[in-house]
Amino acid sequence: MAVSGPNGYKSDISTNIQPVGTPWFLSNDIYTARTEVISSGRDGDVFQCNATGLTSTTANVAVRAGARPITSLEQTALTTVRVTWSPTPELPVSYRVHYLLAGGTGGNGTKTVAADTTSTEITGLTNRETYIISVEVVSSLPDVIPAVAEEIITLAPDTPERVVVTAESASVRVSWDAVEDADRYTVTFSQVRGYYQQGLCNPTNSHTATLTVSAPSTTVSIAVGGDVGSTVTDMLRAYTTYEVTVNAVSDVRGTSRPRETRRVLTPQTSAGEAPGDVRAEAESPTEISVQWSGLSNCRLVNGPITQYRVQFTANGRAETVDQVLGDGEDWMSGGRVTLTGLTSLTNYSISVAAVNENGDVGLYSDPLTVLTLQAIVGLAETSYTIGESDEVVEVCINAVGTTSSCPSTESFHVTLSTSDQTAESPADYVAVDQVLTFAACESQRCVNVSLANDLVSEPEETFSLSLTRSTRSHISITSATGVVVITDDDERPAEVSFLPVNATGVRISWSGSVHLPTSIHYTVSSPPMASSLAN
């Protein structure tokens, strides 16, 4: 009997119905026929059959699928395979997934899954072996045809174990245990986190590098030095975190499944920017103050700055001092630090670098040379009160150094000068502008400033003192200014009386002592006259 149906299905009733012409079912479907009521024309649908040589020339035949094509096989773990197949609408009650170890015994099995499922995982397989997989439709209709749709999968090689990743000075080295049957290995570096780097801002693009290593070698090194924007696939970016995976590859069995990753922070091969505007000044024989500006926003030291490092070198010996930034401190604003415990009259070479959160040190600034001071020099007193009759005030300058016995091992010069205030030179004092030389280990020099002792009664008067250092003297001046107060200590009469003695004379008398000679000034209003008497 011939069977005809949609899309040109024709067959003899005595055999399984096979699709001919344009397939209406998939090409690996197998059909069987039985008498059924005609329905809508899908799997299990009824077709009108034309019979030849039988009493009836027509018959109703239903067709149904006995097996389904596998659309994908994927090894999802070392001993696990995921099987996916095309569905059979309406007809199945369930599916049976068969797996058979090719060329061997054992390792075979069947897994039954629900009708609304088109994917399942087969577990417990043997790695590096070949399996034959098929999917069978289980139907409520009789005479289920055995499954014939099958695929072959060979499980991948073992995953390399004991992977060790080491960051070296300008490269990263990876090693692992050998895998049986591996023809080569692939080592993949996938960027996890990128850092700022000199000249670039906010790098957000990712980066992947892959190396292939032929077996039996089980180690490889990859260069580090690409900048943040590098896309080179056989070089890593500097100061960047990567995840590293190693897979074994077999020409026969494919690629192993990734089991574990390692993380590595690549070395900093190009240091970040140096701080700018570095200034240093000797504050005392044992101290130098250093200050600097912060880094610019786009030229960082490959990561957030956590501190600055000041390096100072004298007589071939280098030392460092760190200024650690506290919470809320802005590293972009720079910093300041005072170096202490230095040696007097010694040249120090000073430079500054930024340090990131990983402890990497960036470029140092150009060195500055600073000579520590010999001594600290200042006025012994900053305020003097002296009577006019004392005629001289002694102004002393003290020098203090690193040792009490010897302020300075070399001589130096300072200048003491005076300036008028209410007192004026030369009427009230003799001005001074004098260079004083301190000999080696001398700790004090004094200068006498002369006063003008007149007999004129007048209020207190002042003049100022100023101490400066010679341009070539490596000393520090403290208490550099002072003031001298001149008091009028001329004695005045306590009481004065006038007694006429005749028509043209007056006797003047007073109580209290005065310095002789004494001048008496008087005026007469009527008749007009003025005279001066000396007694």
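Buried means under 20% relative accessible area, exposed over 50%, and partly exposed in between. Arg-279, at 41% relative accessibility, therefore counts as partly exposed. The model described here is predicted.

## Salt bridges

Side chains of opposite charge can pair when their charged atoms come close. A search of the whole structure finds nine salt bridges. Three of them are set out below.

| Pair | N to O distance | Relative accessibility |
|---|---|---|
| Arg-184 and Asp-251 | 2.7 Å | Arg-184 30%; Asp-251 56% |
| Glu-243 and Arg-263 | 3.5 Å | Glu-243 30%; Arg-263 57% |
| Asp-277 and Arg-279 | 3.6 Å | Asp-277 49%; Arg-279 41% |

Take Arg-184 and Asp-251, whose side chains meet in a salt bridge. Arg-184 lies in strand β14, residues 184-193. Asp-251 sits in the loop between β18 (241-250) and β19 (254-255). The pair therefore ties together parts that are 67 residues apart in sequence. Arg-184 counts as partly exposed. Asp-251 is exposed.

Glu-243 forms a salt bridge with Arg-263. Here both partners are in strands: Glu-243 in β18, Arg-263 in β20 (residues 262-265). The pair ties together parts that are 20 residues apart in sequence. Glu-243 is partly exposed, and Arg-263 is exposed.

The side chains of Asp-277 and Arg-279 also meet in a salt bridge. Asp-277 counts as partly exposed, and so does Arg-279.

## A three-stranded sheet

Strands β21, β22 and β25 form an open sheet, in the order β21-β22-β25. The pairing is antiparallel. β21 (276-284) and β25 (335-339) stand at the edges. Each has a single partner strand, so one side of each is left without a neighbour in the sheet. Neighbouring strands are turned by 15° against each other on average, direction ignored.

Strand β22 covers residues 287-293. Five bridges join β22 to β25, and the two run antiparallel. Ser-289 stands opposite Thr-338 in β25.

## A four-stranded sheet

Another open sheet has four strands, in the order β24-β23-β26-β27. Its pairing is antiparallel. The edge strands are β24 (317-324) and β27 (368-371), and each pairs on one side only. The twist averages 30° from one strand to the next.

Strand β23 covers residues 305-314, and strand β26 covers residues 347-356. Eight bridges join β23 to β26. These strands run antiparallel. Ile-305 stands opposite Asn-356 in β26.

## A buried serine

Is Ser-94 buried or exposed? At 12% relative accessibility, Ser-94 counts as buried, because the cut-off is under 20%. Ser-94 lies in strand β7, residues 92-101. Which residues does Ser-94 touch, not counting those up to four places away in sequence? The contacts are Thr-112, Val-113, Ala-114, Ala-115, Glu-136, Val-137 and Val-138.

## Backbone exceptions

Most residues other than glycine have a negative phi, and most peptide bonds are trans.

Two cis peptide bonds come first. The bond from Ala-215 to Pro-216 is cis, with omega near 10°. Pro-216 is placed in the loop between β15 (208-214) and β16 (219-226). A cis peptide bond also joins Ser-425 and Pro-426, where omega is about 10°. Asn-315 is not a glycine, yet its phi is near 55°, a positive value. Asn-315 is found in the loop between β23 and β24. At 76% relative accessibility, Asn-315 counts as exposed. Glu-391 has a positive phi of about 70°, although it is not a glycine. Glu-391 is placed in the loop between β29 (383-387) and β30 (392-400). At 45% relative accessibility, Glu-391 counts as partly exposed.

Terms used: Residues are numbered from 1 along each chain as its sequence is written. This is a predicted model: local features need pLDDT of at least 70, side-chain atom pairs count only at pLDDT 80 or more; totals for chains, interfaces and linings use all residues. Side-chain values use heavy atoms; hydrogens and water are left out. Two strands pair if DSSP finds at least two bridges between them. Axes are lines fitted to C-alpha atoms, for helices over the stretch in contact, and angles run from 0 to 180 degrees between N-to-C directions. Buried means under 20% relative accessible area, exposed over 50%, partly exposed in between (1.4 Å probe, protein chains only). Contact means heavy atoms within 4.5 Å. A salt bridge is a side-chain nitrogen of Lys or Arg within 4 Å of a carboxyl oxygen of Asp or Glu.
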